[in-house]
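Hello! Here is the structure I promised to pass on to you. Please open it first, and then read my notes below.

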Amino acid sequence: MEECIQIRRYEELHTAKEFESLIEAQNVPAVLCGCIKNWRAFSLWNPRNGGLDYLQERVGSAMVEAMVSSSAPIFYGDLGSHERVPLPFSMFLDLCKKRIHMQTEQQHQHLDDDHSVASQTDHTQHDYLSLEDVPEQIYLAQVPIMNRDREEKVQLGTLREDIQLPPILGAKELSSINLWMNNAQSRSSTHYDPLHNLLCIVSGRKQVVLWPPSASPSLYPMPIYGEASNHSLVALENPDYSIYPRAECSMEFAQKVVLEAGDALFIPEGWFHQVDSDDLTIAINLWWRSNTMSCMLEHMDAYYLRRILRRYW
């Protein structure tokens, strides 16, 4: 891995100028440790500390779109691999609560085998789903809290006041703010975004594997004319090297980071990433257009394309 694209961790980064010069201008991901610990969301949304009750009171009546997929816990981005179904946010929060209850029951059983029979009997007296019955394939992905261009699509706008724009982003004009929340372990398929991204972990834990844009040949992006052209065709958990031979060396270009609650990860546009989330993880992402794309005027596209093709000739 070239040193110039090594992902670094920053314990302290205070100003937008530092972020722009040290990180954004390099177009390389960076972990910003503890970046959002001052958010109201960080202290109020924790599922294991009353956060689900708080969210239910604030926005429980809202309707959200949930991803449902037969391939769960892996969620692929193309429309043929999943469906989005309307769901009351309160119903999803109830599923999270029931999962916490079942996990607590299991922990008690492990801690005190002498009372295991009593615990099981006590459990059957309550109207809770068994752990197997909780629909683990439900995933709240990219639920809009703010969307500059499509305000009518915003589903959880009330939560905006719990999210403070990090000082390192200065006066950037955000394209959108979105909620990502899972009731069970989940994995997103490998993809890139056409915008700069700040992925913020409010609660839980995520592991992110990242590849630079130069690794595209080994990840086999979907056809550029398709609806999911930013996603990889390769299932990295079970790749078929007879169909995708270059994928065999894809991990040579990969870097892995672990994000704890309070951390944020800057993912530049064009960087492929695959995200694994622990149970009951809540994240917020902020998207904005890069300076490069903001300066690429449409009437110049043909010229830019010729320059790029000449570089690869």
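Phe19 is buried, since its relative accessible area is 0%; buried means under 20% relative accessible area, exposed over 50%, and partly exposed in between, with a 1.4 Å probe and protein chains only.

Before going on, a word on the source. This is a predicted model, in which local features need pLDDT of at least 70 and side-chain atom pairs count only at pLDDT 80 or more, while totals for chains, interfaces and linings use all residues. Residues are numbered from 1 along each chain as its sequence is written, and side-chain values use heavy atoms, with hydrogens and water left out.

**Aromatic rings**

Rings of Phe, Tyr and Trp (for Trp, the six-membered ring) pair if their centres lie within 6.5 Å; planes under 30 degrees apart count as stacked, over 60 as edge-to-face and the rest as tilted. This rule gives six aromatic pairs. In one of them, the ring centres of Phe19 and Phe266 are 5.3 Å apart and the planes stand at 80 degrees, so this pair is edge-to-face. Phe19 belongs to helix H1 (residues 16-22) and Phe266 to strand E12 (residues 264-267), so the pair ties together parts that are 247 residues apart in sequence. Helices (H or I, at least four residues) and strands (E, at least two) are DSSP runs, numbered from the N terminus.

Phe266 is buried too, at 0% relative accessibility. Phe266 also forms a stacked pair with Trp288, with 6.0 Å from centre to centre and 20 degrees between the planes. That pair links strand E12 to strand E14, with the two residues 22 apart. Trp288 is buried, at 1% relative accessible area. Together, Phe19, Phe266 and Trp288 form one aromatic cluster.

**Strand E14**

How many residues of strand E14 (residues 281-288) are buried? Eight of its eight residues are. Thr281, Ala283, Asn285 and Trp287 point one way, while Ile282, Ile284, Leu286 and Trp288 point the other way. In a regular strand, side chains alternate between the two faces of the sheet.

Strands pair if DSSP finds at least two bridges between them. Strand E7 (residues 176-182) runs antiparallel to E14 and is joined to E14 by seven bridges, with Ser176 partnering Trp287. Strand E9 (residues 196-203) also pairs with E14 in the antiparallel sense, over seven bridges, and there His196 stands opposite Trp288.

**The nonpolar core**

A nonpolar core is a set of buried Ala, Val, Leu, Ile, Met, Phe, Trp, Tyr and Cys residues joined through side-chain atoms within 4.5 Å. The largest one has 48 residues, and Trp45, Phe89, Leu156, Leu179, Met181 and Ile284 touch the most other members. Helix H4 (residues 89-111) gives the most to this core, with six residues. Apart from this core lies another, of 22 residues, including Cys33 and Leu195.

Leaving aside neighbours within four places in sequence, Met181 is in contact (heavy atoms within 4.5 Å) with residues including Leu52, Phe89, Tyr139 and Ile282.

Enjoy exploring the model!
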